[in-house]
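Please find below some comments on the model under discussion.

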Amino acid sequence: MMNKVKSTPCELCMSRKLSLFAGLGEEHLCNVSEGKNFISHKKGQILYYENTKPLGVFCVNSGVVKIFKTASNGKDQIIRLAQKGHLVGYSSLIGEESYSTTATIVEDAGICFVPKEVFLKVMKEDNNFHQRLTQALCHEMGLMESQLTDATQKSIRERLALTLLQLGDSYGVDGGDRQRLDIALTREEIAGLVGTATETVIRLLSEFKKDKLIDLQGKKIILLNRKGLARLSDFYG
């Protein structure tokens, strides 16, 4: 069940400093703050469905959101994971298109919904905000090009190693070469990120553990050797 609760004003929100709304002028920030709705979502709830029309944008205040497409065989291909400060659904709104993906809650989340008319007004009147949106869209296109290249040129083993490193960059705690991933993804969700079968991910994770690259504690994954994973992923960026 979605719970509508009193939201923190945007000017006091710590998540805003991590979002595209950072740097908004006082007037536009007030417009967003007054027009938004803060809703508490539980794990598994749908934020929006593919092929529906966007009525606004979503700003993640807390938790994790999974953006994915479902293939004809019923398997989900995860496009990205959105976390604190990320905007979700803005590209479809700007392009005046239906959503090309579905978004669902991976970990209990607080989401601010900014209505279409409020968002577009700020985008039209604030040139700096418009520029940041353009840069963000270009960045997303670059990431999708990289994902496509990886899918065609890297083996599944290399893609899994790279995915674990990327999760470590976003959700890793403890630091150093050893990191605990502070996100509870199912093996099916990891497979959706990598673009392979769940059974393959389970097998490869067991092999990574045997090679002392990772450790497994239930659903939690601990990266024991980031350098080894980097070598395995053929990633030197």
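The points below go from the overall division to the residues at the contact.

1. The model is predicted. The protein is divided into domain 1, residues 10-151, and domain 2, residues 154-232. Taken over C-alpha atoms, the centres of domain 1 and domain 2 are 26 Å apart.

2. To the contact, domain 1 gives 14 residues and domain 2 gives 15 residues. About 1200 Å² is buried between domain 1 and domain 2, and carbon and sulfur atoms carry 50% of that area.

3. Which three residues supply more than any other three of the area that domain 1 buries against domain 2? They are Ile78, Leu81 and Asp150, with 39% of that area.

4. Between domain 1 and domain 2 the count is one salt bridge. A salt bridge joins the side chains of Lys66 and Glu189, at 3.5 Å from N to O.

5. On the side of domain 1 that touches domain 2, the elements giving two or more residues are strands S4 (56-70), S5 (76-82) and S7 (102-115), together with helix H4 (127-153). Strand S5 makes the largest contribution to this side, with five residues.

6. By residue class, the side of domain 1 that touches domain 2 has six nonpolar, three polar and five charged residues.

Definitions and conventions
Residues numbered from 1 in each chain as written. Predicted model: local features only at pLDDT ≥ 70, side-chain atom pairs only at ≥ 80, totals over all residues. Heavy atoms only, no water. Domains from an automatic or database assignment. Contact = heavy atoms within 4.5 Å. Buried area = accessible area lost by both parts, 1.4 Å probe. Salt bridge = Lys/Arg side-chain N within 4 Å of Asp/Glu carboxyl O. Helix = DSSP H or I, 4+ residues; strand = E, 2+ residues; numbered from the N terminus. Nonpolar A, V, L, I, M, F, W, Y, C, P; charged D, E, K, R; others polar.
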